[in-house]
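This briefing goes from the whole chain to its parts and then to single residues. Please keep the sequence and the 3D view at hand while reading.

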Amino acid sequence: MAELNPGMRQEARPRVSLALVLRWLMSLGGILTLMGGLHAYLAVRLFMSPQLPAPWGWLGPALVALLFVSLPVGMMASRREPTFWTQALQWTSYVWLGAFGILLSVVVVADGVGWGLSLSGVVTDALALARGKALVAVGVTVPAVAYAFVTARGRATVERVTVPVAGLAPGLHGLKVVQISDIHIGPTLDGRWLRRVVEQVNALQPDVVAVTGDLVDGTVDALRDEVKPLSELRASLGVFYVTGNHEYYHGGPAWASEVARLGLTVLQNEHRVVERAGARLTIAGVTDHDAGHIIPSHASRPELALHGAPHGVPRLLLAHQPRTALRVAESGVMVDLQLSGHTHGGQVFPFMFFIKLQQPVVRGLATIAGVRVYTHRGTGYWGPPLRLGPSPEIAELTLVPAPG
């Protein structure tokens, strides 16, 4: 087909942009409509159905409405210069986003139980039942949110896992790989928190440190000072980093350069060979599974990452998303162990049950399409400063020779 002339190309561009903007607005409108409806459902169940006395009959729904408004307002505040008020709005919106999910789950369960009690005739007083359900919902949600907040902001749990590796030479027996992932430095996690994580990692005296993506939620200019503690990570054989999807929302190449400047070895579809006591280990890393959708040249390519890697030497692959193992299997390259994150282990109950819709595994050591994968549940958190169920993690993986 003949190439369009320049004038025709210029006329086509606005139409494409307009279509994208309209699609985005429709998506945003749909999300806000859904969230607004769910907030109205909570207001009815917690304040209107129980027929609470004044002023709660109107004050409660008004509070729910304000919390709903805080969600988009808080997200918009994150794009402005940090001030006391913008940070207060962000904290309110993030905490409520997590609390909303927990509260909604509890109210739905309470409604289901209440429906069963009414249907069976165990409870016949509708008003008493409505008030009982509201009381239970608040009584369960408030301590759950408090517990989730303390867990998310607390010290990470060190998960110690021994991993047998075929062909591991005696010189690498007991090699200690410490993995951190999904740190998400940004609106509610700063450099002081990161320094505490770095101190925990260094105290484990690792041979290798693996940082498997989603390091930040912000640009290099905004967060350069907050990520400085990464330069203090210490490991006898090196500190290695691969990008996650969130880096690409805020300038993936810029973050790769910044992390390299801090002294970490950035692996973008490439590998390094490390050696201890005459024994070698290949450490490879790929860009995020979806990076190619944003920057085509950054497409995740396991076969490129391991091109030229020595044969007969065990291979460790760093890949942010567990589903990269499917690409590894398709490419035909051999990997002894893949280290991933991304899932946060679900972060807040009951969302871990939905992760399987996108990822083949939620957390822990598993085999995916013949590839052994350790899925980290995250050292930080995304969005809501809450963790209900899966606690923050630092993984200490000890490699030993596989029997036989």
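Contact here means heavy atoms within 4.5 Å. The model is a predicted one, in which local features need pLDDT of at least 70 and side-chain atom pairs count only at pLDDT 80 or more, whereas totals for chains, interfaces and linings use all residues. Residues are numbered from 1 along each chain as its sequence is written, and side-chain values use heavy atoms, with hydrogens and water left out.

**Whole chain**

- The chain holds eleven helices and twelve strands, where helices (H or I, at least four residues) and strands (E, at least two) are DSSP runs numbered from the N terminus.
- Along its principal axes, the C-alpha trace of the chain spans about 75 × 65 × 40 Å.
- Of the 404 residues in the chain, 48% are buried; buried means under 20% relative accessible area, exposed means over 50%, and partly exposed lies in between, with a 1.4 Å probe and protein chains only.
- Among contacts in the chain with a separation of 6 or more, 74% come from residues 24 or more positions apart.
- The accessible surface of the chain comes to about 19600 Å², and 63% of it belongs to carbon and sulfur atoms; such areas come from the Shrake-Rupley method with a 1.4 Å probe, and for residues only the protein chains shown count as cover.

**Domains and annotated regions**

- The chain is divided into domain 1 (28-152) and domain 2 (156-401), with bounds that come from an automatic or database domain assignment.
- The centres of domain 1 and domain 2, taken over C-alpha atoms, are separated by 35 Å, and 17 residues of domain 1 are in contact with 15 residues of domain 2.
- UniProt, in an unreviewed entry, places the feature "transmembrane region" at residues 21-44, 56-77, 89-110 and 130-150; UniProt positions are given in the numbering used here, feature names are shortened, and annotations may be inferred rather than shown by experiment.
- Residues 89-110 are 100% helix and 0% strand, with end C-alpha atoms 30 Å apart, and residues 130-150 are likewise 100% helix and 0% strand, with end C-alpha atoms 31 Å apart.
- The UniProt annotation "domain: Calcineurin-like phosphoesterase", also from an unreviewed entry, covers residues 175-345, a span that is 28% helix and 23% strand and whose end C-alpha atoms lie 25 Å apart.

**Serine 340**

- Serine 340 is found in strand 9 (residues 337-340), and this serine counts as buried because its relative accessibility is 0%.
- Leaving out residues up to four places away in sequence, serine 340 touches Gln179, Thr212, Ala319, His320, Gln321, Pro322, Val373, Tyr374, Thr375 and His376.

**Threonine 287**

- Threonine 287 lies in the loop between strand 7 (279-285) and helix 9 (291-294), and threonine 287 is buried, as its relative accessible area is 2%.
- Residues up to four places away in sequence aside, the contacts of threonine 287 include Thr243, Tyr248, Gln268, Asn269, His298, Ala299 and Ser300.
- Threonine 287 and proline 302 are 15 residues apart in sequence, and their C-alpha atoms are 9.0 Å apart in space.

**Arginine 327**

- Arginine 327 has its place in helix 11 (residues 324-331), and with a relative accessible area of 26% this arginine is partly exposed.
- Not counting residues up to four places away in sequence, arginine 327 touches His289, Ser300 and Pro302; arginine 327 and serine 300 are 27 residues apart in sequence and 8.9 Å apart in space, C-alpha to C-alpha.
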